[in-house]
Amino acid sequence: MRNKLICALLAGVLLLPTLLFTVSAEPEAVPLFAANNSAVAYCIDTEQILYENKAGDTHAPGVTAKLMALMVAYDLAESTGRKLSERVTVRGEWVRDTYIPGDRSSPYLGLAEGDECTLEYLFACSLVSNANDACAALVGYCATELMAGTREDFLERMNQKAESLGMEDTRYTDPIGFGGTGKTTAYDVVKLTKAFYLYDELVKLADRDAYRGAGSTIRNKNYLECDYLMKGYLMEEAMGLIAGHTTNQGGYHLITFTEKEGIAYAFVVMGGSRERQEEDGSRWFDPGNAYDDMHGMVPYVLDSFTYQCLCVGQGESAVTFLADLRLGGGAEAGILRLVPAETVELMVANPTGAEIQTVLRYDEKVYESEKAGKIYMTVDAPVKQGEVLGTATFVLGGETLATVDMIAEKSVEVNTLLSAKDHLFSFLFEGAMGNIIKWVLIIIAAWIVLAILLWLARLILRLVVWGQDKKNMNKM
């Protein structure tokens with residue numbers, strides 16, 4: 001995703017001795033896009049939410065349930081040694097009741113009893129055309145052939161995977177998201193999307209304008225990817241992923257990925273207005289559609305945010321030095337460097353080039369000491385490598401961007417004699433006691449000088465008296 005050495009050198013240049021460096025600032029106002037639907041923009045690499053609007057609102061899962069079903073199905077196929085080229089014979093009960101005539105939320109291929117197709121075809125049609133019967137056939141095959149269970153068993157595995165991904169507000173009641181049953185939120189769907197990004201083969205299947213298989217061409221019904229069925233919404237940056245209605249009344253969900261300069265992003269819009277279709281095949285959306293939000297959100301995020309490496313953690317090349325501590329009572333003299341416990345990488349908006357300040361807070365073990373009139377932050381041995389001795393907080397405009405533990409770069413063993421000497425010298429010559437001893441020494445020195453002067457005065461006086469007596473004796 002990125003070159004750690006470049007990141008390290010960048011951090012080393014930016015982190016000056018003053019612990020101030022210039023990066024970027026968040027904009028003062030986050031825009032509200034035209035359709036005002038539930039939306040989340042997420043950076044997969046730095047695990048940051050970059051934009052959100054009504055992201056906690058509850059929606060029926062709809063097409064997002066298919067993404068979970070496809071991940072569970074892919075896991076089952078992989079664990080049982082099935083390839084995407086594996087051929088599947090469709091059973092009628094697998095695809096029954098997956099279509100309501102006239103319901104735009106129930107697109108389908110028309111699969112029937114005895115039809116044969118590959119696993120790849122079922123995966124691709126579920127993603128590219130949001131085909132209910134393709135996803136239902138895949139679920140039926142996995143539940144019956146790979147799990148030796150039922151559709152309900154497969155559904156339970158979907159809910160278990162949702163729980164493992166931290167999707168606390170999600171519950172699936174239908175494995176293909178057919179109709180308005182179940183619940184989820186945009187917050188949870190972005191967690192699902194992040195997990196789906198790791199399924200490289202499935203992402204590649206979704207990132208195409210059409211899929212050709214089983215003697216037919218299936219056009220992508222995500223209009224970010226394909227404008228064959230509807231014009232005006234194509235987006236060059238989009239990499240799939242899926243789109244479709246929750247019900248015939250609306251609830252249109254739209255999910256996509258994009259990448260810029262090696263950084264991956266996920267975008268989710270939920271609850272958009274419905275798609276309309278005339279008898280002649282022409283299509284359009286009511287006002288408030290998901291594509292209007294997506295066409296506002298994606299450029300905003302890609303143009304506003306840039307990657308910043310704030311510091312490089314222990315164990316990486318060119319680790320960032322956050323602070324130097326004076327060593328007391330150690331087996332070696334000198335300083336102890338504090339380094340970040342981990343690398344801090346963020347996407348930060350960059351409208352003004354504002355300043356980020358690094359605020360250091362030390363542990364109780366670190367104290368102030370004075371030497372030659374200067375104050376030093378000091379730590380006494382023993383110190384273990386990796387021991388937490390404080391925190392470094394990156395602050396922009398009064399807002400905390402990130403906090404990282406500061407840890408000891410190396411271990412320092414205690415030296416009993418050196419420690420005793422340091423403590424004695426510290427006691428005698430530093431702080432209040434040091435000042436007292438200085439005045440005592442000054443007084444002693446002054447007394448000695450006075451005593452010498454008095455002695456010299458007496459000596460001179462005796463010499464004068466002796467000289468006078470000698471002169472008097474000579475006169476006699």
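The model is predicted: local features need pLDDT of at least 70 and side-chain atom pairs count only at pLDDT 80 or more, while totals for chains, interfaces and linings use all residues. Residues are numbered from 1 along each chain as its sequence is written, and side-chain values use heavy atoms, with hydrogens and water left out.

**Overall fold**
- The protein chain has 11 helices and 23 strands, taken as DSSP runs (H or I, at least four residues, for helices; E, at least two, for strands) and numbered from the N terminus.
- Of its 476 residues, 46% count as buried, that is, under 20% relative accessible area with a 1.4 Å probe, protein chains only.
- Among contacts (heavy atoms within 4.5 Å) with a separation of 6 or more, 68% are between residues 24 or more positions apart.

**Nonpolar cores**
- A nonpolar core is a set of buried Ala, Val, Leu, Ile, Met, Phe, Trp, Tyr and Cys residues joined through side-chain atoms within 4.5 Å.
- The largest core has 73 residues, and Phe123, Leu127, Phe154 and Phe196 have the most contacts inside it.
- Helix H2 (residues 63-79) gives the most to this core, with 12 residues.
- Leaving aside residues up to four places away in sequence, Phe123 touches Leu70, Ala73, Tyr74, Leu84, Leu138, Leu202 and Leu205.
- A second, separate core of 31 residues includes Tyr252, Phe285, Val301 and Leu302.

**Helix H9**
- The 15 residues of H9 (residues 290-304) should span 21 Å at 1.5 Å a residue, and the end C-alpha atoms are 21 Å apart, which agrees; the expected span is 1.5 Å times one less than the number of residues.
- Asn289 caps the N-terminal end of H9, with a side-chain oxygen 2.9 Å from the backbone nitrogen of Tyr291.
- Buried residues in H9 include Tyr291, Met294, Val298 and Val301.

**Aromatic pairs**
- The structure holds 17 aromatic pairs, meaning rings of Phe, Tyr and Trp (its six-membered ring) with centres within 6.5 Å; planes under 30 degrees apart count as stacked, over 60 as edge-to-face and the rest as tilted.
- Tyr51 and Tyr300 are edge-to-face, because their ring centres lie 6.1 Å apart and their planes stand at 75 degrees.
- Tyr51 is in strand S3 (residues 48-53) and Tyr300 in helix H9, 249 residues apart; both are buried.
- Tyr233 and Phe285 also form an edge-to-face pair, with centres 5.9 Å apart and planes at 75 degrees.
- Tyr233 counts as buried at 14% relative accessibility, and Phe285 at 8%.
- One aromatic cluster is formed by Tyr223, Tyr233, Tyr252, Phe285 and Tyr291.

Conventions:
Buried means under 20% relative accessible area, exposed over 50%, partly exposed in between (1.4 Å probe, protein chains only). A polar contact is a pair of N or O atoms within 3.5 Å; within protein, one must be able to donate a hydrogen and the other to accept it, and residues adjacent in sequence count only if both atoms are side-chain atoms.
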